[in-house]
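Trainee: I have a model open and would like to go through it. Can we start with the ligand?

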Amino acid sequence: MLNGPNLNLLGVRKPEVYGRTTLADIEASLKEQAQQLGLEIVFMQSNHEGDLVDAIQQARVQGAGIIINPAAYTHTSIALHDALEAAELPVVEVHLSNIHRRESFRQHSFVSPQATAVIAGAGARGYNLALTFLAEHLAQQG
Ligand code: CA2
């Protein structure tokens with residue numbers, strides 16, 4: 001599970017937009033959920049685009065799927081698009097907020113064309129929904 005720039009500030013700043021749940025809370029919840037599903041989950045957050053590309057490349061060889069909130073890089077990063085394309089893994093793109101009812105510059109995602117599914121506006125719960133979906137999707141694929 002990859003989180004992009006500034007998401008380390010979740011729950012600390014701007015609670016009116018992004019809620020009061022911290023990234024550590026979200027990761028703890030997903031770790032527990034993954035254990036119940038019999039899956040291993042690895043967490044990574046970075047404020048740096050290249051580090052996120054490196055993490056996607058690592059997932060390509062070590063992982064079965066990717067949950068990613070690319071944060072502001074959603075709207076700018078062809079590098080993330082290309083890394084996800086090369087990974088050839090199921091990808092769930094998560095946004096805490098509904099990017100489609102926010103500023104126009106948030107309404108285009110370079111990541112969505114590479115996503116199997118997109119969840120936006122469900123808050124922190126969106127990550128749990130993403131993991132539920134990914135587990136079902138992987139089970140279906142065998
Ligand atoms: O809604 C989302 O999850 C976003 O990916 C969050 C990004 C934003 O650029 C996207 O358009 C939508 C911003 C994450 C910044 O998170 C903060 C958390 C606390 C305080 C300030 C920023």
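This is a predicted model: local features need pLDDT of at least 70, side-chain atom pairs count only at pLDDT 80 or more; totals for chains, interfaces and linings use all residues.

Trainee: Okay. How far is a polar side-chain atom of R106 from an oxygen atom of the ligand?

Mentor: The distance is 2.8 Å. That pair is a polar contact because the cut-off is 3.5 Å.

Trainee: And how much of the ligand does the protein bury?

Mentor: The protein buries 92% of the 500 Å² that the ligand exposes when taken alone.

Trainee: What about the side chains of N69 and S97?

Mentor: An N or O atom in the N69 side chain is 2.9 Å from a ligand oxygen. For the side chain of S97, the corresponding distance is 2.5 Å.

Trainee: How many residues surround the ligand?

Mentor: There are 17, and the closest are N69, H75, L96, S97 and R106. By type, the shell has nine nonpolar, five polar and three charged residues.

Trainee: Which pocket is the ligand in?

Mentor: The ligand sits in the second largest pocket.

Trainee: Switching topic. What secondary structure does the protein have?

Mentor: Five helices and five strands. Starting at the N terminus, the order is β-α-α-β-α-β-α-β-β-α.

Trainee: Why call the protein as compact as a globular one of that length?

Mentor: Its radius of gyration is 14 Å, close to the 14 Å that the globule rule gives for 142 residues, so the protein is as compact as a globular protein of that length.

Trainee: What box do the C-alpha atoms fill?

Mentor: Roughly 40 × 30 × 25 Å, along the principal axes.

How values were computed: Residues are numbered from 1 along each chain as its sequence is written. Side-chain values use heavy atoms; hydrogens and water are left out. A residue is near a molecule or strand if one of its heavy atoms lies within 4 Å of it. A polar contact is a pair of N or O atoms within 3.5 Å; within protein, one must be able to donate a hydrogen and the other to accept it, and residues adjacent in sequence count only if both atoms are side-chain atoms. Accessible areas come from the Shrake-Rupley method with a 1.4 Å probe; for residues, only the protein chains shown count as cover. On a 1 Å grid over the protein atoms alone, a cavity is a set of points where a 1.4 Å probe fits but cannot get out, and a pocket is an open set with protein on both sides within 12 Å along at least five of seven lines; lining residues have an atom within 4 Å of a point. A molecule sits in a cavity or pocket if more than half of its atoms lie within 2 Å of its grid points. Ala, Val, Leu, Ile, Met, Phe, Trp, Tyr, Cys and Pro count as nonpolar, Asp, Glu, Lys and Arg as charged, and the others, Gly among them, as polar. Helices (H or I, at least four residues) and strands (E, at least two) are DSSP runs, numbered from the N terminus. The radius of gyration is taken over C-alpha atoms; the globule rule is 2.2 Å times the number of residues to the power 0.38.
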